Amino acid sequence: PNPSGGDAKLSYTLKNAGNVRITLYEANGRLMDEIVNETKPAGTYTLNLNNQELPNGIYFVRVETPEGSATKTMTIVR
């Protein structure tokens with residue numbers, strides 16, 4: 001959920017097998033973490049993002065697959 005104060009869930013679906021890269025950026029564009037960078041078979045996936053270590057603020061989660069990419073905003077509030 002957004003805003004998040006603990007764990008956040010990210011779901012994505014691959015129609016075909018391919019490399020998935022999921023990255024986390026601060027609001028200023030600095031790369032914080034590369035969460036996933038691996039080849040996955042076709043299917044639906046749910047990833048738990050533990051954000052306990054991150055300070056309050058706005059972050060961007062970017063998902064890149066062979067089928068396209070998407071960027072979502074994640075706000076951390078405690």
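**Burial, a ring pair and a pocket**

Me: Why does Val20 count as buried?

Reply: Val20 has 0% relative accessibility, so Val20 counts as buried. Buried means under 20% relative accessible area, exposed over 50%, and partly exposed in between (1.4 Å probe, protein chains only). The model is predicted: local features need pLDDT of at least 70, side-chain atom pairs count only at pLDDT 80 or more, and totals for chains, interfaces and linings use all residues. Residues are numbered from 1 along each chain as its sequence is written, and side-chain values use heavy atoms, without hydrogens and water.

Me: Where is Val20 found, and what is Val20 in contact with?

Reply: Val20 is in strand S2 (residues 18–26). Strands are DSSP runs (E, at least two residues), as helices are (H or I, at least four), numbered from the N terminus. Leaving aside neighbours within four places in sequence, Val20 is in contact with Tyr12, Leu14, Val36, Asn37, Glu38, Lys40, Glu64 and Thr65. Contact means heavy atoms within 4.5 Å.

Me: What makes Tyr12 and Tyr45 a stacked aromatic pair?

Reply: By this rule there is one aromatic pair. The rings of Tyr12 and Tyr45 are 5.4 Å apart, centre to centre, with 25° between the planes. Rings of Phe, Tyr and Trp (its six-membered ring) pair if their centres lie within 6.5 Å; planes under 30 degrees apart count as stacked, over 60 as edge-to-face and the rest as tilted. Both values pass, so Tyr12 and Tyr45 form a stacked pair. The pair links distant parts of the chain: Tyr12 in strand S1 and Tyr45 in strand S4 (residues 43–50), 33 residues apart. Tyr12 and Tyr45 are buried.

Me: How do you know that S5 and S6 pair?

Reply: DSSP must find at least two bridges between two strands. S5 and S6 have nine, in the antiparallel sense, so they pair. A hairpin of two residues joins S5 to S6. Arg62 stands opposite Thr71 in S6.

Me: Which strands supply at least two residues of the lining of the largest pocket?

Reply: Strand S1 (7–14), strand S5 (57–65) and strand S6 (68–76) do. S1 gives the most, with five residues.
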